[in-house]
Amino acid sequence: MAKYKMHVLVCGGTGCTASHSHEITDNLKAVLRDKGLEEDIQVILTGCFGFCEKGPIVKIMPDNTFYTEVKPEDAKEIVEEHIIKGRKVTRLLYTDPEKKEHVSDSKHMGFYKKQLRIALRNCGFIDPENIEEYIANDGYAAVAKCLTEYTPAQVIDEIKLSGLRGRGGGGFPTGMKWEIASKNHADQKYVVCNADEGDPGAFMDRSILEGDPHSVIEAMTINGYAIGATKGLIYIRAEYPLAIHRLQIAIKQAREYGLLGKNIFGTDFDFDIELRYGAGAFVCGEETALIHSMEGKRGEPTFKPPFPAQSGYLQKPTNVNNVETYANVPIIILKGANWFNKIGTEKSKGTKVFALAGQINNVGLIEVPMGITLREIIYEIGGGIKNGRQFKAVQTGGPSGGCLTEKHLDTPIDYDNLIAAGSMMGSGGMVVMDETSCMVAIAKFYLEFTCEESCGKCSPCRIGNKRMLEILERITKGQGCMEDLENLKNLATVIKDTALCGLGQTSPNPVLSTMNNFWDEYVEHVKDKKCRAGACKSLMQYVIDPNLCVGCTSCARNCPVNAIQGEKKTPHVINAEICIKCGTCIEKCKFNAISIK
Amino acid sequence: MQSALNKDLLNSKISVVKMEMINLTIDGKAIQAEKGLSILKAARIAGIDIPTLCYYELNGQKLENRPGGCRVCVVEVEGRKNLAPACATEIMEGMVVHTHSLRVVNARRTVVELILSDHPSDCLSCSKSGHCELQSLAQKLGIREIPFKGAQSTYRKDNSPAIIRDVDKCIMCRRCETVCNQLQTVGALSAVNRGFEAVVATAFEQDLVKSSCTMCGQCVMACPVGALSEVNQTRQVIQAINNPDKTVIVQTAPAVRVALGEEFGYPAGTIVTGKMAAALRRIGFDYVFDTDFAADLTIMEEGTELLGRISKFMNGDKDVKLPILTSCCPGWVNFFETNFPDMLDVPSTAKSPQQMFGAVAKNYWAEKLGIKREDMVVVSIMPCVAKKYECQRDEFKENGNPDVDYSLTTRELAELIKQFNIDFNSLEDEDFDMPLGASTGAAVIFGATGGVIEAAVRTAYEVFTKKPLEKVDFTELRGLEGVREATVDFNGTPIHLGIAHGLGNARKLLEKVRKGEVQYHAIEVMACPGGCIGGAGQPYHHGDFSIVEKRFEAIYQEDKNKELRKSHENPYIKQLYDEYFGEPCGEKSHHLLHTHYFDKSKQVEIEA
Amino acid sequence: MARVKLSESKAKKIKEICAAYGNKAGEAINVLHQVQGEFGYLPAEVQELIALELNVPVATIYGIVTFYSFFTMIPKGEHPISICMGTACYVRGAEKVLDEFKRQLGIGIGETTADGKFSLNCLRCVGACGLAPVAMIGEKVYGRLTPDMVKDILNEYK
């Protein structure tokens, strides 16, 4: 990177791409060319910076200026003011919501202060489509160290000592997994990277693959060396075209540099990687289902044992790890297990990436050390609840997890504490909810997802989840009875106890945890036919307060179904039979005359 | 192939030697069982019953359906977080298992209630009522109401000529899918859709007749509920019997007589030939004949065809097709028409015994009785579901009138006997009517795998060598191994024979023949495991293959009981040739007793 | 002989794709991906030919196609609309946006308008949670949606 005087890093994550970050890049390059600066200033489209709420992000190095919500037309001003004249464009700087001051260095922003980026270390810093940038940042040094200094057993020992656990959900110790696979002898073994991220509120794997694909390739190579596998497969969602594109480039470059293929680093170790595409099935995140899918079959899970480490892809010993787990491996090798295992809690070492979303000010991708509290995440990193509303719950672990409430705000987050609190780490979705979220509706939302994604192989998941969903539908429509609640609880318990795979066994968690923490809300829906969050449509009615309505007709004109009647300058009335409860009238009313009952 | 078989055998012997025992406790009982067994099997050996639903095994036929999907067999294993499926959990040293703890009973009951909540409750009129495993399970668990009301999945009903698919009743046990794909390699069925909509169906949920289905019916045999059943034609048969203008003739296949008794409480393997003939007469059939007669006739035709091909081959005719393949089994005929269209000239052109009988009845016997073929109704009692399809094939009709009008399964016959209020168990034995009820032991063994080829050898040997057989029993041709082979010495000429039962085994053998890897003179194929005794029209064995093994023994017992053991010795067969056909494979028999085959393979046609 | 009708160019393309994957049954999903990429959807006759080429029962292929939500047997509209129903979008009101799309187009999820212009689908998390709720029309992402924006957005394509 040295030959350039300055680098302009533009976020190329999906969120920022959707907000035209490619156009920003093009415009920046065009302006620089006009000014004859293209030799001095490099513009790089990087992976995700994480701060999606304020995207698109543009960062100027080396002075670490962090511009937010940049538009393509801002390119000229950035070049002319900042790059040429050295004056920061203050209107594009982040404003601290409390101090109301501009902050130009991301290190001083609440969003980044408490973060520790290990898995995301290169995301937002390097050009993911250029292997030299990865190498310049110690890339492929870890695999070199393994191949030339360590025996496979030493590599496994290092990973074991680091305390790294699987980041895909279950939290199985990675080193132990490698050890089991290494001890099963076979003519061929496989290393598989699970990039079938399916949690509907998580996108960290995608960000890593888009922002730092080489770290995964390097880690898989180390994994292959450790267990004696020469073939690697990345099972990736077909819905991630950008990640696929970058992986393809990365694999090609790694081959060209001799970092994949035969005799890597002049040793007799061979390793290569192929891509396999998922086709839209959440259950394929389960490793046996994933393996069947890679074999070109329906992605149905099978009973374990045999574990993939014994009999996996094409009946050969197979080690499956997820993207984020792999992203940790090279740096553990380089900095040593004893560096890594000092971060985190006693049983959960290192960091975890979370996709922070929902009713929170700073939506984005964050990486925090294990043991951080929810309060720190929500109020310091997340900047608190949106619109100054009241915190109600946070959902972690996606469709397999549960809700945590006020009383969990100061619990250190790690694998075991989350399970004890009735949730789980999962792949790292973290959705913050305020009082406008109905907990019964949230449980229903996750069950809709599970029902849609159930493979249908075992009866508890195939039929049981459908029945749970039907009960929740009745409850949210005000048609539930107390017996429904009893049946719901029994069903949830039995499904958890009897379903075939991880998807089925954890699918009742959203129901169980909301029932445990928000039982009153369930009872209210059933007995009082009331949804306190005002989220269950059937249980609410839109009404116009005649004392506040001035008859401006704005609501009636905007109502998509013409459900509002009334003369000009006289109070209007909503016809409840026609009203579809879309909420447009509330938004359009300037006099706060419309409310939900 | 010989060496491959020996290797298999060797491996199985090695595993016997290496057997390691595991100590565990099930329901407080200390048990020692072989390493590698599932909790389910260990418990069964110890006499502890764990209910199952999706689990299906054909012992000795290398078929196991163990998706672990129904979750009915869940048990509590101490130290484990979740309940474990007994069928798929391997036993471990020191394991402590509870099969009926409160937690297990509640879970099992809830799971069955869930399955019932997505299952039609028309038990009273369901084809599997009384044989339904879900029904028995609900009974066993004392389910009186289903607490979960909700949507039920609905699918289009598919009525093929032989098999009815009522997919609303499918419980996703996958037995049919496993049988269709692994045992039979037919591939007509697959799990389709996912989640609540998941079900086992044909491609595009099209009709079976449009799929690669051979109508073998092993899916019907495997289905624990009423999702797959045979087309029931008892009503049409009763109407024919009640019609005074019709002469109704019945023929019964060899395998029926060793299985029918099971429907009336007799142990498997009981021979009920005499009672069956008596019952058919009580039902009101005008003539009670025997398909065995036609089996003897088949040997005359097929045996002659075989000898003809062999002698041409030995005389250096390069165009002659060897091996000759048997063509008695309609499932097998459908299978090779679909999968081996390049080999349509290899199988014998001889019709199956059912169809030979129909042709003889509607021509020879109708002429003898002086009635028109339209006024004669031929009913067959078959251990088979595919026979229903076979008798409706166009080439077996004359001016739209079929040689065999209705083909009933063994199960349908039992139903008829019950409907006619006949006390089967107290019936005195009666004989078949003559002449079309006369048969030899060679015809009886058509009912078991290897029987057709043995029957053919008994006759061909004597015709070929012009010497009497010293020993009638060719035990080297018998057995329940999926693929077998033997060489019989025809007075110095070695005749190589191959045998396969189960269509998957047939496929393996045929592919070797196609590639020229094996040389046989003749091959016998039966679609169902065990041959017709394991046919899909037989009483349901619910995966207990020892029942089929007992029928197997009974078939050879019935053969031994016969006075005549070789088809060409059947005096009425001789009479039939003298009076009507002239000689085997002659012009008249070519017209009435032989058939041809069609290419049913799928081809892509390029649109202009 | 059971016949499957296909145009010559289609049949040729499918055979080429299967051959590129060595006509291996284990490559079924890759083949289906590529064929769908080529034709936009996977009608019955296309599956029949793939089954023949890979030498697997067509029921197996159909079982795969109906298992994965990415595969479709119905042609998509000229402008396929995907509404993100990931958690982040859901809690920020994606359901209301979806309802409005359904109402404006008069079609349900998984359907295509009669004129073939639009088809409607849900997907889970496009990774643009900062813009929630999000919808995609073709490759274009629309963020921070409210129901009253739907009509104007659709007008861009009419």
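Begin by selecting A:H7 together with A:M61, its bridge partner in strand 3 of chain A. Please bear in mind throughout that this is a predicted model.

**First stop: a sheet in chain A**

Another pair to pick out between them is A:V10 and A:V58, the latter being the bridge partner in strand 3 of chain A.

How do strand 1 and strand 2 of chain A run, parallel or antiparallel? They run parallel, and six bridges join them. To see where residues of the two strands face one another, select A:C11, which stands opposite A:T46 in strand 2 of chain A. Strands of a sheet pair through backbone hydrogen bonds, in either a parallel or an antiparallel manner.

Now display the complete sheet. It is an open sheet of four strands of chain A, in the order 2-1-3-4, and its pairing is mixed. Strand 2 (41-46) and strand 4 (65-67) of chain A stand at the edges; each has a single partner strand, so one side of each is left without a neighbour in the sheet. Looking across the sheet, one finds neighbouring strands turned against each other by 20 degrees on average, with direction ignored.

Most residues other than glycine have a negative phi, and most peptide bonds are trans. Two places in chain A may be inspected with this in mind.

Select A:P305 and A:P306, which are joined by a cis peptide bond with omega of about 5 degrees. A:P306 lies in the loop between helix 12 (287-294) and strand 10 (318-322) of chain A.

Then move to A:K529, in the loop between helix 22 (519-528) and strand 16 (542-544) of chain A. A:K529 is not a glycine, yet its phi is positive, at about 50 degrees.

Colour chain A and chain C separately and select the residues that lie between them. How many residues of each chain are in contact? There are 42 residues of chain A in contact with 38 residues of chain C. On the side of chain A that touches chain C, the elements giving two or more residues are helix 1 (14-18), strand 11 (351-358) and strand 15 (429-434) of chain A. Coloured by class, this side of chain A shows 17 nonpolar, 19 polar and six charged residues.

Chain C has seven helices and five strands, and from the N terminus on its elements run β-α-α-α-α-β-α-α-β-β-β-α. The C-alpha trace of chain C spans about 55 × 30 × 20 Å along its principal axes. Of the 158 residues in chain C, 47% are buried. Among the contacts in chain C with a separation of 6 or more, 61% are between residues 24 or more positions apart.

Select helix 1 (residues 8-20) and helix 2 (residues 28-39) of chain C. Their axes come within 10 Å and cross at roughly 150 degrees; helix 1 and helix 2 of chain C are therefore roughly antiparallel to each other. The crossing of these two helices of chain C is right-handed.

Show the side chains where the helices touch. C:K13, C:I14, C:I17 and C:C18 in helix 1 of chain C meet C:V31, C:Q34, C:V35 and C:E38 in helix 2 of chain C. By class, this contact has five nonpolar, one polar and two charged residues.

C:N55 is exposed, with 10 other C-beta atoms within 10 Å.

Finish at C:A132 and C:P133, joined by a cis peptide bond with omega of about -10 degrees. C:P133 is placed in the loop between strand 3 (118-123) and strand 4 (135-137) of chain C.

Note on methods:
Residues numbered from 1 in each chain as written. Chains lettered and ligands numbered in written order. Predicted model: local features only at pLDDT ≥ 70, side-chain atom pairs only at ≥ 80, totals over all residues. Contact = placed C-beta atoms within 7 Å. Nonpolar A, V, L, I, M, F, W, Y, C, P; charged D, E, K, R; others polar. Pairing = 2+ DSSP bridges. Axes fitted to C-alpha atoms, helices over the stretch in contact; angles between N-to-C directions. Parallel < 35°, antiparallel > 145°, perpendicular 65-115°, else oblique. Left-handed = near helix turned anticlockwise from the far one by under 90°. Buried ≥ 20, exposed ≤ 12 C-beta atoms within 10 Å, placed from the backbone.
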